[in-house]
Amino acid sequence: MSYKIYDINEDLKEFMPKEIIDLEERATWGNPKRGVMDLPYTKELIEEHSLCAGCPESMALRYILASLPNPEDTIIVNSTGCTSLVFPHIALHTVHSLFGNQNAVASGIKRVLEWRFPDKVKDVVVLAGDGATVDIGLDCTLQSFFRQEKITTICFDNEVYANTGGQESGLTVKGHVFKMAPKGKQWDKVPFWQIAIDSGCHYVARLTVSSPKKVEQVIKKAIYVAREVGPTYVHLYTPCILEIGLNSDDGLDEMRARDKERFSFFEYMTPQAEEVINRVKEEGLL
Amino acid sequence: MQATETILYNRAGQRVVSPDYLLFEAPRTKHFMTGSEAVKEAVKRASVDASVSYPITPQSEAAHLIGELWVEGYVGVYFRGESEFGVMSEIAGCAMAGARTITTTSGPGTLRAMENFPMWAGTRIPVQLVLMARGVNSPLSIQPDNLEVGFLLDTGCMIWYAETAQDLFDMILAGFVVAEQPDVHVPVITVVDGFFVSHTREAIMLPPDDIALPPYNPYRAPMPVIDAEVPPGRFLRDPFVMKSNYISYATHASWQWEVRAAIERSRPYAKHYLRGLIEHFGDPEAELVFVACGTASAQAKEAVRLLEDEGIPARVVKLKTIRPFPIEELRQAVKGAKYIFVPEFNVVGWLEREVRRYLYGHSNAEIIGAPRVAGGMTMPAEVIVKEVLKLTGKEVKHVI
């Protein structure tokens, strides 16, 4: 439908909490040019985050939600982990189903919405951690790429199972000591951005969330390409400051340090994706 | 005032008729087909929006016949998923997005998908799973065996059990109607015994194929459909997982309890559309009763005929629904029974457990969990008769 679904019945308005009224009056709906620069002035689509103080993942979630070009018609599919603590605070349609099945659920939703609403744009965006995307959910993630599902998959890579108390994941760096890897991880970090390319993604990006504007650009490109061409994948470094022994004000420095090495900005696009991105740029939407 | 009649058509161009008309009133013609083909005929008349498939013996044929319906325009969305776990999640996504959705699986596929079934129920989606029961590993078996149904009993899904292809056809149509009632709105698993029903041909009466069930209206659902056309549910504003306090525990518990209550509320609808939750066969006065479902009830009916020759009056109480369990119906039906046999196609006797549980304190009959066959064995009527004669001490005549 439209952002009209967020309009509040006038007769009930006086009973509604302030944050719900703000969503109607001060959030950015119906404007594909919305972006991270709106953050200080408008109502965010995320009410509050329930992550640790200074958690870079909370920054990532705020930037992503501020960057969605079509929030009024965007479905968020998430998985289990730290991210699942945040979704209840998002004003959009969100789904938490099981741990690792997020891309399968998103595939079903996207296909049915495309069929039910052939004349409308309905974006489906998957937000999940590294364990959900690359370990337990690897099968569903890759198969959705193989099937060329028109969904955007965003992985919050904190290189650890943080929500369960800091266990090694497939995206942990080799040698790093975590729970369940008491001798240090024995094998290399999975280069999932490369696997995403080989598996058929049309737009792939790897970055930290140290630069909000850069995150906005990447998210918008990924969503526009997914809409028209096929699967897109964004790999974000959102370090778990708690598990790597940093203070709550150290997250940004940690990301900036990794910007120069294993999370240096990397972008890939197929010719079809490039065509879409160039067109959207010409339209002034990027 | 002049009466006007509006004729509605579904997306496939079939005339929309009421469930009662389709199930009970429409003229039917006789056909000869397998259980898998009966699934196709039911889906064809059910205004199905989406189906996701994955191959496994013996359900594959039903799943690819649904694919043919997609090509012909009777089903909106269809594709092959990566595994049963993926498929049941994809099915969930389809249903969340507002589609009437069906899929099929068997044995090991059911277990692979297991985590999804309580999720379906908790998500309150009225999806339908046609389960063609087969043995589970290990050792590897592809033969008929319904052990898997025992695992599904407490998933929060309705479980119906079809005896024949005809039963299955009617149950699939009724299944959508009952599962989609706003005060029910939980998944329905329609079970049939693999091979015995899926692969054998039998006579089946079908209504015409140019009429179909009314399409699913997702906006009648008790939970907001995930399509961004309605305000999102904010019911998780303080989700259970985030708080360790008594309110969160109570919320979780009441949510799960409500799923079971929804199954209870399906009783009147199921009673109407299935014409009762149980079916009687044989001498209504007989003190010897077989309580069974699926193929076991078909074989028990044959055994009743053989026992008649032996001069032993017997009867069958066939259970059409397992969840909800026809508690009152069964208690009434076995009044006056002295011996209750529960023949089953599995080694554990899950149906015997259910029967004992619900008859405890309500029947003085001796309950005997026999005969029990598994792993692909058939259950000849003679085997059932033999169990009975063993008990009565009567001499075996024409039974081997």
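**Entry 1: a loop glycine in chain A**

I began with A:G175, which counts as exposed because it has 12 C-beta neighbours inside 10 Å; by the rule I used, a residue is buried if 20 or more other C-beta atoms lie within 10 Å of its own, exposed if 12 or fewer, and partly exposed in between, with C-beta atoms placed from the backbone. I note that this is a predicted model, in which local features need pLDDT of at least 70 and side-chain atom pairs count only at pLDDT 80 or more, while totals for chains, interfaces and linings use all residues. Residues are numbered from 1 along each chain as its sequence is written, and chains are lettered from A and ligands numbered from 1 in the order in which they are written.

I placed A:G175 in the loop between strand 4 and helix 6 (192–198) of chain A; helices (H or I, at least four residues) and strands (E, at least two) are DSSP runs, numbered from the N terminus. Leaving aside neighbours within four places in sequence, I found A:G175 in contact with A:G184 and A:K185, where contact requires that the C-beta atoms of two residues, placed from the backbone, lie within 7 Å. I also looked up A:K189, 14 residues along the chain from A:G175, and the C-alpha atoms of the two are separated by 9.8 Å.

**Entry 2: the sheet of chain A**

I traced an open sheet of seven strands in chain A, in the order 2-1-3-4-6-5-7 and with mixed pairing; two strands pair if DSSP finds at least two bridges between them. Strand 2 and strand 7 (266–269) of chain A are the edge strands, each pairing on one side only, and the twist from one strand to the next averages 15 degrees. Angles here run from 0 to 180 degrees between N-to-C directions, and axes are lines fitted to C-alpha atoms, for helices over the stretch in contact.

Strand 5 (residues 203–208) and strand 7 of chain A run antiparallel and are joined by four bridges, with A:Y203 standing opposite A:M269 of strand 7. Helix 3 of chain A packs on the sheet, where it touches strand 1, strand 2, strand 3 (123–129) and strand 4 (152–157), and its direction makes about 175 degrees with that of strand 3 of chain A.

I then followed helix 3 of chain A to helix 5 of chain A, and the two pack at an angle of about 35 degrees with their axes 7 Å apart. The contact is made by A:N103, A:A104, A:A106 and A:S107 of helix 3 and by A:C140, A:T141 and A:S144 of helix 5. By class it has three nonpolar, four polar and no charged residues, where Ala, Val, Leu, Ile, Met, Phe, Trp, Tyr, Cys and Pro count as nonpolar, Asp, Glu, Lys and Arg as charged, and the others, Gly among them, as polar.

Turning to the contact between the chains, I noted 32 residues from chain A and 35 residues from chain B. On the side of chain A that touches chain B, the elements giving two or more residues are strand 1 (74–78), strand 2 (93–96), helix 3 (102–116) and helix 5 (138–146). Helix 3 of chain A gives the most to that side, with 11 residues, and the residues of the side divide into 17 nonpolar, nine polar and six charged.

**Entry 3: chain B as a whole**

I found 14 helices and 16 strands in chain B, whose C-alpha trace spans about 70 × 55 × 55 Å along its principal axes. Of the 400 residues of chain B, 52% count as buried. Helix 2 (residues 35–44) of chain B is largely enclosed by the rest of the structure, since nine of its 10 residues are buried, among them B:G35, B:V39 and B:K44.

**Entry 5**

Strand 12 (residues 288–292) and strand 13 (residues 314–319) of chain B pair in the parallel sense over five bridges, and B:F290 stands opposite B:V316 in strand 13.

Finally, I noted that chain B is divided into domain 1 (15–219) and domain 2 (280–392), with bounds that come from an automatic or database domain assignment. The contact between them takes 23 residues from domain 1 and 19 residues from domain 2 of chain B.
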